[in-house]
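Have a look at the model first, then read on.

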Number of protein chains: 2
Amino acid sequence: MAEEHATKQFIRNAARRLFAERGYNAVSMRDIAGAIGKQPGGIYNHFPSKQTILVDLMEENLTRAHAAAIAPLPDTDPVARLEAFVRGHVKHNIENPDDIFIAYMELRSLEAEGAAQIMSKRNAYEAALRAILRDGQKSGAFTFADPAIHARAILSMLGGVTVWYRDTGAQSPAVVAENYVQAVLQSVGVPYSAPTKGQ
Amino acid sequence: MAEEHATKQFIRNAARRLFAERGYNAVSMRDIAGAIGKQPGGIYNHFPSKQTILVDLMEENLTRAHAAAIAPLPDTDPVARLEAFVRGHVKHNIENPDDIFIAYMELRSLEAEGAAQIMSKRNAYEAALRAILRDGQKSGAFTFADPAIHARAILSMLGGVTVWYRDTGAQSPAVVAENYVQAVLQSVGVPYSAPTKGQ
DNA sequence: GTCTATACCCTGATAGAC
DNA sequence: GTCTATCAGGGTATAGAC
């Protein structure tokens, strides 16, 4: 991971943008090569297959998602932890729209080996949120029926950010994050007053 | 729409299942024909192109979604309307997982004409939810900052049901709907006590 | 309406010169 | 590491017999 040919990163960047725009199956190796001004055959000097590029992108995204939303969580009460999680998660989503889009649109484009690898990391991420919800439920801070269902409901809600955010340049990331913090906290029964309003 | 060849419906059913399973671009006309025990060329007696099959499926789904979640809304207060919307929406999602999956995974597989047609119907659906939220906000029943953001947050959350529901045979549709009613109502600041717990 | 046969193009991947 | 050239297979769609 020390020194890497610049072309390899160009391939990653082009593939990320194209996969997000058109979908994995609608993008050809010729498309990727054309986007970086190279010939199709040359890509195989850096990745052994098209599938490998997809797995590489998803893997890297999950690593950075963990670093943004899970790793820096404070070791305090569930409310503060959930709020910090939402902020980190939304920030990562807004800053990496293509990766997020690929992450949950192209899961079924993964073949057996890659799928196992990616799902394992995904499950760890979801488990971290579930743990926060369970802690809050146990302490009486949160109100909901089923932690597993609620964790998925929250992740689905937050995942939707990137589906529409790129079309809506109107709101600033901070405002969007604020809205989601309120929506999530209220969804677990915690009252929350947004510092700013509307805008 | 009166009398239609049975094969046309077989094609629809096979395409729906295959598109949902593998994605539009990963499914070939040969696959669809094979699934109904016919020859690829014969499909063109019923649909002029593969793209037409996709538009047909999405169009029909939106019509039924409207009938399930929007049309039967009571003309009462926003809280009751929102609750009824969530129940109708979740019921439709759970009963039509393949259609829902296609509806939001294959938007980008639509070509220009079909895209305009489908987006128009989609926007009308989203606008109906937005109207409920605005009414509730105006009357003081709901608490959130931005109706447009919150409408999308709710639809994203509800849309997530089908992403995982098929893997989780554990909970009954009624229980799942109950969880989502609570999550949505609480997300707009309305307290809600679920009739049943956990399970 | 369904079949067989096929046109024509694009796909992922490889071989080998430079 | 990049290029040119190419392979084998599969893609959508069409033509024409029955």
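α4(B) and α6(B) come out roughly antiparallel, because their angle is over 145 degrees. This is a predicted model, where local features need pLDDT of at least 70 and side-chain atom pairs count only at pLDDT 80 or more, while totals for chains, interfaces and linings use all residues. Residues are numbered from 1 along each chain as its sequence is written, chains are lettered from A in the order written, and side-chain values use heavy atoms, with hydrogens and water left out.

**Helix pair in chain B**
- Helix α4 (residues 78-95) and helix α6 (residues 112-139) of chain B pack at about 150 degrees, axes 9 Å apart (axes are lines fitted to C-alpha atoms over the stretch in contact, and angles run from 0 to 180 degrees between N-to-C directions; helices are DSSP runs of H or I, at least four residues).

**Domains of chain A**
- Chain A divides into domain 1 (1-47) and domain 2 (50-187), with bounds from an automatic or database domain assignment.
- The C-alpha centres of the two domains of chain A sit 27 Å apart.
- Contacts link 15 residues of domain 1 of chain A with 15 residues of domain 2 of chain A.

Note on methods
Helices (H or I, at least four residues) and strands (E, at least two) are DSSP runs, numbered from the N terminus. Angles under 35 degrees count as roughly parallel, over 145 as roughly antiparallel, 65 to 115 as roughly perpendicular and the rest as oblique. Contact means heavy atoms within 4.5 Å.
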